[in-house]
Amino acid sequence: MWRVFDGHCDVLSKLLENDSNGFSMGQDNLDVTYPGMLQSRYLLQNFAIFLSATSGRLRLEELLRSIDLFHQRILSQPGMTLIRTSEDLKALCSENGNGRIGAMLSLEGADVLNGNLAVLRILFQLGVRSLGITWNHANWAADGIMEPRRGGLTGQGRMLIEECNRLGMILDVSHLSERGFWELDELSVRPYIASHSNAYSICSHPRNLKDDQIHAIIQRSGFIGLTFVPYFTASTKDVTMDQLLVHIDHMCALGGERCIGFGSDFDGIDQWIVGLENASHYNRLAEILLKHYPEEIVNQILYKNAIEFYSRELPD
Ligand SMILES: [Zn+2]
């Protein structure tokens, strides 16, 4: 029977803006809640720390507060288990979760590190296991995909990548500029992920991956989390789950059958695919997937591909 892996959600960012016990209670203003995850048989969720520059939160104190919220609001739930190592993941999967849900921590945008790799190392110690180099804009390490000058990595950005490789911090290319992507591809000695991006040739939003990028990630045995952002999925008014399947078909046609999964971007979006509006709706997505693909493929896409990737890439 299928389980759910989700590679990107922003519930920590919402809690940072407005701390509440909504995650445990299943409150409406949160897409990802503990009751919702239980309903959809989640096995593993990646929780992103995102500090918005515009809200003036780009400070180390806010970074630490996000990690505290992860412990106080997320990991405090009875079945939630912190996943830091391949051993943790193995234990989680050995009994198919046995009522537990794994929680991983990531940082979206290296801005707050301010070039200080000591902070990166401390974050790794604190359990952060993946890093998006940029959000949409430029920072000290690289240009984001929306930065008009379309630059790649800075000298410091190259050092960041080398240090991530050395530590085992998984690199995430969602939001990174195209030039930055190719420089990272060349420099990184380890496979990397695009935690929440779709296929550009199906929906030509700049946040999506071009075919050669998808191909490069597959070649490196990386992982792509298809995302539920409606305007990354289709340019029609009401975007349906069937339209998301077109991205799956495309990535599979490029050879990605064992490299794709989902990264919803729940709690980071204010528009949703019709019927796919919160964690509990993965049930509906699974139903639709099972109508279109053999059960074995559905299991690969819903969680097994991600579990296999993280089993290889997390430290022992
Ligand atoms: Zn994002």
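Select asparagine 46 and show its surroundings: leaving aside residues up to four places away in sequence, Asn46 touches Asp6, Gly7, His8, Cys9, Met104, Leu105, Ser106, Ser130 and Tyr310, where contact means heavy atoms within 4.5 Å. The model is a predicted one, in which local features need pLDDT of at least 70 and side-chain atom pairs count only at pLDDT 80 or more, while totals for chains, interfaces and linings use all residues. Residues are numbered from 1 along each chain as its sequence is written, and side-chain values use heavy atoms, with hydrogens and water left out.

Asparagine 46 belongs to strand E2 (residues 42-49); helices (H or I, at least four residues) and strands (E, at least two) are DSSP runs, numbered from the N terminus. With 2% relative accessibility, asparagine 46 counts as buried, the term for under 20% relative accessible area, with exposed over 50% and partly exposed in between (1.4 Å probe, protein chains only). A polar atom of the asparagine 46 side chain lies 3.5 Å from the backbone oxygen of glycine 7.

Next, pick methionine 104, in strand E4. Methionine 104 is buried, at 1% relative accessibility. Its contacts, again not counting residues up to four places away in sequence, are Phe5, Leu44, Gln45, Asn46, Phe47, Phe70, Ile83, Tyr310 and Leu314. Draw the C-alpha to C-alpha distance from methionine 104 to glutamine 45: 6.2 Å, for a separation of 59 residues in sequence.

Stay on strand E4 (residues 101-108) and go to glutamate 108, which lies in this strand. What coordinates the zinc ion? Glu108 (OE), His175 (NE2) and His196 (NE2) do, at 2.0 to 2.2 Å. Donors are N, O and S atoms within 2.8 Å of the metal (3.2 Å for Na, K and Ca); water is not among the atoms, so sites may look incomplete. Along the chain the donors follow the spacing E-x66-H-x20-H. Histidine 175 sits in the loop between strand E6 (170-172) and helix H8 (178-187), so its pairing with glutamate 108 ties together parts that are 67 residues apart in sequence. Glutamate 108 is buried at 7% relative accessibility, and histidine 175 is buried with a relative accessible area of 6%.

Finally, select helices H5 (residues 86-94) and H13 (residues 295-313), which pack at an angle of about 145° with axes 8 Å apart. Axes are lines fitted to C-alpha atoms, for helices over the stretch in contact, and angles run from 0 to 180 degrees between N-to-C directions. Ser86, Leu89 and Cys93 of H5 meet Ile307, Tyr310 and Ser311 of H13.

Terms used
Polar contact = N/O pair within 3.5 Å; in protein donor to acceptor, adjacent residues only side chain to side chain.
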